[in-house]
Protein chains: 2
Amino acid sequence: MRNNITIKDVAKQAGVSISTVSRVINDSKPVTDEVKQRVLDVIKETGYIPNPLARSLVTKKSKLIGVVVPELSDSFVNEILNGIEEIAKMYDYDILLANTYSNREQELKSINLLRAKQVEGIVMISWKVEEEHINYIQNCGIPATYISKTARNYDIHTVSTSNKEATYDMTKYLVGKGHEKIAFIMTSEDDTVLEMERLSGYEDALSENNIKLDKTLIKNGGTTYEKGYESMKELLDDNIIPDAAFVTGDEAAIGAINAICDAGYKVPEDISVAGFNDVKIAKMYRPKLTTVYQPLYDMGAVAMRMVIKMINKEILEEKKIELPYRIVERESVIDRI
Amino acid sequence: MRNNITIKDVAKQAGVSISTVSRVINDSKPVTDEVKQRVLDVIKETGYIPNPLARSLVTKKSKLIGVVVPELSDSFVNEILNGIEEIAKMYDYDILLANTYSNREQELKSINLLRAKQVEGIVMISWKVEEEHINYIQNCGIPATYISKTARNYDIHTVSTSNKEATYDMTKYLVGKGHEKIAFIMTSEDDTVLEMERLSGYEDALSENNIKLDKTLIKNGGTTYEKGYESMKELLDDNIIPDAAFVTGDEAAIGAINAICDAGYKVPEDISVAGFNDVKIAKMYRPKLTTVYQPLYDMGAVAMRMVIKMINKEILEEKKIELPYRIVERESVIDRI
DNA sequence: TTGAAAGCGCTAACAC
DNA sequence: GTGTTAGCGCTTTCAA
């Protein structure tokens with residue numbers, strides 16, 4: 001049961017050459033059934049496991065895929081991770097995990113580390129992808145797919161959902177429910193393309209319904225519960241009481257709801273709240289959160305499939321995959337009509 | 001910037017032998033400053049990264065630690081994972097992640113996979129650890145630490161918190177708040193040692209306060225939100241209306257709260273609810289969950305430190321580390337006195 | 001202080 | 001079909 005058994009030991013014990021053993025474990029070349037059986041028996045007996053290090057060294061295939069995440073205890077990330085993990089396993093790849101805490105330097109370090117460890121591909125989940133890092137990875141020639149809110153404007157492989165349309169639809173839905181004064185709380189700190197897209201979805205829906213844009217209703221926080229709470233609180237403190245709030249992240253949306261409740265208002269009676277992502281907690285919270293469903297598990301799965309295809313030099317029909325979203329009506333939005 | 005640069009290339013370009021290059025990158029043996037500098041320059045120039053595969057092959061050190069988890073999108077697991085990840089990075093180890101979905105066979109497969117990948121150690125998070133797997137890992141001679149609710153009764157390295165005492169304390173706390181009819185909803189499917197411990201903590205607190213044990217108040221569900229919901233619903237459907245419910249997992253506790261609300265009762269006014277773990281959502285939910293805080297991040301960190309020590313053959317003072325817990329009073333438990 | 005050479009465990013020509 | 005052999009990129013004796 002020890003780890004020291006090598007291909008040599010097996011060969012000797014089976015009375016064959018190491019190449020024969022290699023052939024049976026990879027079944028790369030024909031081997032007589034009888035010999036094959038003998039080798040197989042010895043392998044079973046000894047509990048021999050081929051050393052992938054040695055194998056990788058010669059084949060140049062590490063069977064490792066690097067996954068870099070901005071945060072480990074975020075449900076958005078987790079649900080994607082589940083999809084990634086499952087597909088990886090399916091294709092016999094292992095995952096090398098790197099957590100960056102959304103830190104720029106840490107991200108670069110992680111990429112380097114993964115590169116050093118000879119990962120064959122990278123799946124990158126990031127709130128905000130750095131152009132420099134994209135270039136760096138491209139230069140290394142490592143196949144990569146990005147799941148990022150901000151990746152779509154680069155010429156790289158991405159999987160995402162259509163943010164602009166989703167935001168547009170949700171805003172329209174809110175308007176359709178009779179809300180006019182709709183706060184829009186975004187979840188990234190910077191003016192990223194994503195936020196531009198989302199913002200324009202929001203604005204379009206509003207203008208189409210002849211609602212004047214009120215910039216004081218727009219906030220830019222972050223993905224966390226705390227940030228959502230803060231943003232909403234600021235609004236309320238400024239005596240801005242919207243009909244509804246559209247927060248582009250579920251955890252932040254729940255933070256907003258709590259801020260509303262703490263200020264003495266009720267959700268959804270006084271203020272409706274809608275989220276984005278449809279993360280696990282959206283169903284658990286009460287009132288249950290009306291939100292935009294994104295197929296997070298699938299996003300992970302698709303991203304992983306993409307890098308595996310890239311590794312195998314298969315042709316990908318598209319560089320940018322957009323997965324469908326849909327509005328999930330639950331309890332946090334009331335009908336004012 | 002390509003990955004193909006090897007030690008040979010560096011040696012040639014610097015006009016030295018590969019052993020010299022090896023010496024400077026490991027600074028294992030004295031090298032003249034001048035030569036050293038020359039080599040260093042070439043390394044920088046070429047962007048050379050030593051191939052850890054080749055290195056591991058000879059040193060027998062993979063700098064890899066396997067982490068097996070029962071579930072990826074569970075906050076309990078995640079928060080532990082954060083601690084693990086951080087310490088690993090600190091000691092220059094990488095994490096090979098294996099998700100088992102609490103599946104026995106999958107767990108065995110994962111262990112084998114990690115073994116095959118030459119991990120130097122394993123941190124195992126598992127709802128229920130299998131004796132067979134423990135033995136297997138021990139036989140392989142791979143250092144391992146367990147974070148498991150059920151691991152403490154084996155002679156292995158574990159990190160945990162004192163469940164019996166924590167359960168005792170929380171039950172006592174509940175009694176102290178004037179609750180008598182206290183439902184006890186456990187979160188593992190089997191009669192594990194953990195559940196026995198917890199149960200006896202619950203029973204002791206009750207009997208010390210002269211409250212008769214009512215077995216109909218005891219349920220055994222699972223860790224998930226859904227299981228918590230179900231267990232509570234069963235109670236209510238059977239017309240058993242407790243003063244309080246002590247659910248030994250936060251997500252399940254929130255499930256229980258929702259079941260209570262859906263049945264038309266109020267938390268905490270009609271029924272108080274207490275949880276266990278103090279996971280992120282405990283603060284996010286309303287009413288905020290009164291629960292038992294466990295230092296999850298630290299548990300992960302300590303577990304990782306333990307395996308690293310074991311790898312380095314350092315002496316560990318204790319095989320079983322118990323980290324402190326504490327009761328966190330929030331809003332889901334009312335004072336009936 | 002430095003270099004030559006052996007070898008880690010494996011795969012993949014190349015012979016037979 | 002099967003064995004022999006040359007590496008993969010690196011560390012580590014052993015000489016010089």
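In helix 11 of chain A, the buried residues are A:D250, A:E251, A:A252, A:A253, A:I254, A:G255, A:A256, A:I257, A:N258, A:A259 and A:I260. The model is predicted. Helix 11 of chain A is mostly covered, with 11 of its 13 residues buried. Buried here means under 20% relative accessible area.

The helix covers residues 250-262 of chain A. From its first C-alpha to its last, helix 11 reaches 18 Å. That is close to the 18 Å expected at 1.5 Å a residue. Just after helix 11 of chain A comes a residue with a positive phi: A:G264, at about 95°.

### The annotated domain

Chain A also carries a feature from a record. UniProt, in an unreviewed entry, places "domain: HTH lacI-type" at residues 5-59 of chain A. What is the helix and strand content over residues 5-59 of chain A? The chain there is 71% helix and 0% strand.

### Cis peptide bonds in chain B

Now to chain B. A cis peptide bond joins B:V267 and B:P268. B:P268 sits in the loop between helix 11 (250-262) and strand 9 (272-274) of chain B. The bond from B:R286 to B:P287 is cis as well. For B:P287, the place is the loop between helix 12 (280-284) and strand 10 (291-293) of chain B. The table gives the omega values.

| Cis peptide bond | Omega |
|---|---|
| B:V267 to B:P268 | about 5° |
| B:R286 to B:P287 | near -5° |

### Positive phi at two lysines

Which phi does B:K63 take, positive or negative? B:K63 has a positive phi of about 55°, although it is not a glycine. B:K63 lies in the loop between helix 4 (52-59) and strand 1 (64-69) of chain B. Its relative accessibility is 29%, so B:K63 counts as partly exposed.

B:K313 is not a glycine either, yet B:K313 has a positive phi of about 60°. The loop between helix 13 (296-311) and strand 11 (320-323) of chain B holds B:K313. Why does B:K313 count as exposed? B:K313 counts as exposed because its relative accessibility is 74%, and the cut-off for exposed is over 50%.

Conventions
Residues are numbered from 1 along each chain as its sequence is written. Chains are lettered from A and ligands numbered from 1 in the order in which they are written. This is a predicted model: local features need pLDDT of at least 70, side-chain atom pairs count only at pLDDT 80 or more; totals for chains, interfaces and linings use all residues. Side-chain values use heavy atoms; hydrogens and water are left out. Helices (H or I, at least four residues) and strands (E, at least two) are DSSP runs, numbered from the N terminus. The expected span of a helix is 1.5 Å times one less than its number of residues. Buried means under 20% relative accessible area, exposed over 50%, partly exposed in between (1.4 Å probe, protein chains only). UniProt positions are given in the numbering used here, feature names are shortened, and annotations may be inferred rather than shown by experiment.
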